[in-house]
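Hi,

Here is the structure I said I would pass on. Have a look at it, and then read on for what turned up.

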Amino acid sequence: MTARAEQKERPQAAEVSNREIVDHWFDVAADRIGLHDDARVVLRSSYREVAVQIPVRQADGRIHCYSGFRVQHNGARGPYKGGVRYHPDVDLDEVRALAALMTWKTALVDVPFGGAKGGIDCTPSELTMDELQQVTRSFIDKISKVIGPQRDIPAPDVNTNAQVMAWMMDEYGKLHGHSPAIVTGKPISLGGSQGRQAATGRGVVFCLREAAPLLDLRPDGMRMVIQGFGNVGGWAGCIAQGLGAKVIGASDAYGAIHHEAGIDADALAEHVRHGGRLPDFPGVDVITPEELLALECEVLVPAALGGMIHAGNAHTINARMIIEGANSPTTPKADDVLADKGVLVVPDALANAGGVIVSYFEWVQNLQHLAWDEREVNDRLGTRMRKAFRTVHQRSQETGESLRVASYALAIQRVAEAARDRGYLADAPGR
Ligand code: NAD
């Protein structure tokens, strides 16, 4: 990746960090449910934070040291679970925030996991495959004592994929014996689950299908704009297109494109799979990222990085609803602006939970030495997503809370209850 592209990949003008976003909503929801001060102290902070040095000898013969992190936020409901991100902006504070969000996400969709996240501050596109493998194996060696199939189970996130998971599984296996359940999002040949790659995007579309009738909309004919046409955004676009939706705009780190009559999402995904950049896709207009956000549409799916919808651009958004494929894409100030404009926001913890749900299915299949077919995986995913959406919506109707505050409130209550039942907390709300 060039320095210019890397520059572009950073969110523009985000006024708050991922950490501040997650902490803000935790505090709002904790107030709503009357969470005891002791519980706040425990649930707001991480259980364990590991930072490791990853020295790699590069092609020019010099050693470069990357920083790797694994943060385990809360394990009251089960083994820690969360992805590993490779990105130059990764730091401990961001990983901390993403780990906490995983705790709330796993609790909200009721899978028996806690929350964790990992990251390395590297730029994969600047590394050879050998260097990438070396970085990955070195990271797993160094965190191997704190992970395990019943302890902490990594998965893919931004710039990591099934190949990276395969190296992780192999490296862990050298120390502990063959252990497919140590990571999820693996290749099918190594015990990966059918449907895992598409699961987060598919979950976004399940949310879209649940949210649409609330605004008297139907997926058929719906105009969709996708910020970040990667794994999550790309699959969401292709699956929604299969239901009749029309992707009229999309972006990646290199730019944004628009075609009012509809961009063929399958062809665009194929273009990206072959290393193509969005602005080079034929038959579309190249627009600015700001123009993309302002396109008139029924649904906007932010599926890039955190903090990209902020006070400086929220007022330009021209969508009826936002389904958050990315983690923490919307700052609290932007949320207020969107609420005033009457935009329905389906929050990250709910909207992008499809990935961790199918990761849970993969882990279950690995532990039982079974393999489900794709239809079974997708049906089970749909059942869980619909149940989670309806539970959140019901609470929101009863309390007047936004879907985001209702999501956090439900999740915090569940985690606090599990912590109390283990004897860690004296009090849990709702008992
Ligand atoms: P990815 O690397 O496959 O895709 C990210 C996309 O965003 C790429 O197209 C990239 O070019 C684009 N992008 C980066 N910077 C951009 C910018 N400034 N403007 C526009 N586009 C930009 O990553 P992914 O796995 O699809 O993850 C995307 C988001 O979804 C992340 O926030 C991630 O934490 C979240 N998420 C992913 C999963 C999963 O299963 N992969 C699960 C839950 C949440």
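Into which domains is the protein divided? There is domain 1 (1-45 + 198-352 + 402-431) and there is domain 2 (47-179), with bounds that come from an automatic or database domain assignment.

Before the rest, some ground rules. This is a predicted model, where local features need pLDDT of at least 70 and side-chain atom pairs count only at pLDDT 80 or more, while totals for chains, interfaces and linings use all residues. Residues are numbered from 1 along each chain as its sequence is written, and side-chain values use heavy atoms, with hydrogens and water left out.

**The two domains**

The centres of domain 1 and domain 2, taken over C-alpha atoms, are 23 Å apart. Domain 1 puts 28 residues into the contact and domain 2 puts in 32 residues, contact meaning heavy atoms within 4.5 Å. Between them the domains bury about 2,500 Å², with 59% of it on carbon and sulfur atoms. Buried area here is the accessible area (1.4 Å probe) that two parts lose on being put together, summed over both.

**The cores**

The largest nonpolar core has 92 residues, and L35, W104, M224, M321, I323, V346 and I412 touch the most other members. A nonpolar core is a set of buried Ala, Val, Leu, Ile, Met, Phe, Trp, Tyr and Cys residues joined through side-chain atoms within 4.5 Å; buried means under 20% relative accessible area, exposed over 50%, and partly exposed in between (1.4 Å probe, protein chains only). Helix α15 (residues 403-422) gives this core its largest share, 12 residues. Helices (H or I, at least four residues) and strands (E, at least two) are DSSP runs, numbered from the N terminus. Why does this core lie between domain 1 and domain 2? Because both domains give residues to it.

**Aromatics**

I have 7 aromatic pairs for the structure. Rings of Phe, Tyr and Trp (its six-membered ring) pair if their centres lie within 6.5 Å; planes under 30 degrees apart count as stacked, over 60 as edge-to-face and the rest as tilted.

F26 and W104 are a stacked pair, because their ring centres are 5.6 Å apart and their planes are at 25 degrees. This pair links distant parts of the chain, with F26 in helix α2 (residues 18-33) and W104 in helix α4 (residues 92-108), 78 residues apart. F26 counts as buried at 1% relative accessibility, and W104 counts as buried at 2%.

Y360 and W363 make a tilted pair, at 6.4 Å centre to centre and 35 degrees between the planes. They are 3 residues apart in helix α13 (residues 354-368), so about one helical turn separates them. F113, Y360, F361, W363 and W372 form one aromatic cluster.

W372 also has a charge over its ring: the charged end of R380 sits 4.2 Å from the ring centre. Likewise, R277 lies over the face of Y254, 3.9 Å from the ring centre. The test is NZ of Lys or CZ of Arg within 6 Å of the ring centre and within 35 degrees of the ring normal.

**A few single residues**

P154 is in strand β5 (residues 152-156) and is buried, with a relative accessible area of 0%. Residues up to four places away in sequence aside, P154 touches R70, K81, G82, V84, M168, I182, V183 and T184.

G234, in helix α8 (residues 231-242), is buried too, at 5% relative accessible area. Its C-alpha atom is 9.7 Å from that of E270, 36 residues apart along the chain.

Finally, phi. Most residues other than glycine have a negative phi. D110 is not a glycine, yet has a positive phi of about 60 degrees; D110 is in the loop between α4 and β4 (115-120) and counts as partly exposed at 40% relative accessibility. D216 also has a positive phi of about 60 degrees without being a glycine. D216 is in the loop between α7 (196-211) and β6 (223-227), and counts as exposed at 75%.

Cheers
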